[in-house]
Amino acid sequence: RRYFIKKVTGCLAALGGLSLLQRSSLALATGAEEATILDSLSGKEALIKKTYRPPNFETPTNYFDTAFTPNNLFFVRYHHSAIPEIRSSDWRLRIGGDAVRTPSEFSLEQLRKGFKSVEIAALCLCSGNNRSLFQPHVPGIQWGSGAMGNARWRGVRLKDVLTEAGIDKSALEVSLDGADSGLIKTTPDFIKSLPLAKALDENTLIAFEMNGEPLPHWNGFPARLVIPGWTATYWMKHLTAVNVLSKPFEGFWMKTAYRIPTNHFPQGLFRSQETTTNMPITEIVVNSLITNLIDGQTIPAAKSIEIRGVAWDGGDGIQRMEISTDGGKSWHEAALKEDYGRFSWRQWCYGFKPKHRGKCQIMARATSRSGISQPFEAIPNPSGYHYNAVQKITIQLV
């Protein structure tokens, strides 16, 4: 914490001519972070601490060697430090906005009993996952590969709740707000919006269970949004308000933050928030990760080696996983394991017998059902989003 405070204080001191909002926003953008160490939050096992306030912790990647990420090992991502503990009996969800016909309020019990329950397997992935791999480095928390997790989410469809309240024909977007807040009043509230079509998608949920248990506090208890196929910036934790809007939402976290250059990535449509130069980040891009080996690991050459990992995309599903054990000279198809649905990551494995001792470069490349494969070089962008270059690790065979 002392290191974090020292970095932020030094940054703000050098920016005395800016407004408090500008300074706080820029301090966040500089990527001020604590040393990467293992630490734990209440209810969590030891995770990789990136910042303490707000709490940002990533999952060690060896824990991804399973179909679903245990709740006590699931990554934690916040923009604000004031995160209230909410009793489920006190929680209420408010439905409003200028394009809703009947402003409404629901308790958790009313949602459970009044609407059809749905479960979906889906990857929750931070937009900045793998940011630390960009060269040169870009501003922001320097996430490794652990700002993600795969889970079974259970809740009710946002579509059903909004339909109950009534949607006016003028509706364009749906804004989402949670209970967390900044420590100072001038900090912009973390509010996101969705295009109406995505809010009404049958897979968009108000979730209150995760892997068969109530949501952990650090993952959104008592209820959060689940937007399968889109990055986790829209997966609002501790959800308290949903507003149906007739005009584009103008908040900081839509108009300024979480934006990427226009036409650089295959993306879901969000026309009302697009400009000629940039657009909101939306869909997850195709990617993969080796989960049981690490760069620099020493392995006996006399043994057969199994390479395992996971692959994912924004919802088309994974069609093919390829592995190279000779630095990309030749490629071999890996076996895909059970398919839990198009929004879940897909486990894979590949076995080979080394033919020599020394260094061995292993590469992993996923291809989606839409025919899109991981690139060999990630697409540069100012915020370091969507890093999905083919993974390369080198092991030492002895």
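Trainee: Which residue has its backbone oxygen 3.0 Å from a polar atom of the side chain of K44?

Mentor: This is a predicted model, where local features need pLDDT of at least 70, side-chain atom pairs count only at pLDDT 80 or more, and totals for chains, interfaces and linings use all residues. Residues are numbered from 1 along each chain as its sequence is written, and side-chain values use heavy atoms, with hydrogens and water left out. K44 sits in the loop between β1 (37–39) and β2 (47–51); strands are DSSP runs of E, at least two residues, numbered from the N terminus. The backbone oxygen at 3.0 Å from a polar atom of its side chain belongs to F74.

Trainee: How far from K44 is the nearest side chain of opposite charge?

Mentor: K44 is buried (under 20% relative accessible area, 1.4 Å probe, protein chains only). It has no salt bridge (a side-chain nitrogen of Lys or Arg within 4 Å of a carboxyl oxygen of Asp or Glu). Lys and Arg count as positive, Asp and Glu as negative, while His and the chain ends are not counted. The nearest side chain of opposite charge is that of E213, at 9.5 Å.

Trainee: Is E274 buried, partly exposed or exposed?

Mentor: E274 lies in the loop between β14 (259–261) and β15 (278–280). Because its relative accessibility is 22%, E274 counts as partly exposed.

Trainee: Which side chain makes a polar contact with the side chain of E274?

Mentor: A polar contact is a pair of N or O atoms within 3.5 Å; within protein, one must be able to donate a hydrogen and the other to accept it, and residues adjacent in sequence count only if both atoms are side-chain atoms. A polar atom of the E274 side chain lies 3.4 Å from the backbone nitrogen of F270. The side-chain partner, at 3.0 Å, is R271.

Technical notes:
Helices (H or I, at least four residues) and strands (E, at least two) are DSSP runs, numbered from the N terminus. Buried means under 20% relative accessible area, exposed over 50%, partly exposed in between (1.4 Å probe, protein chains only).
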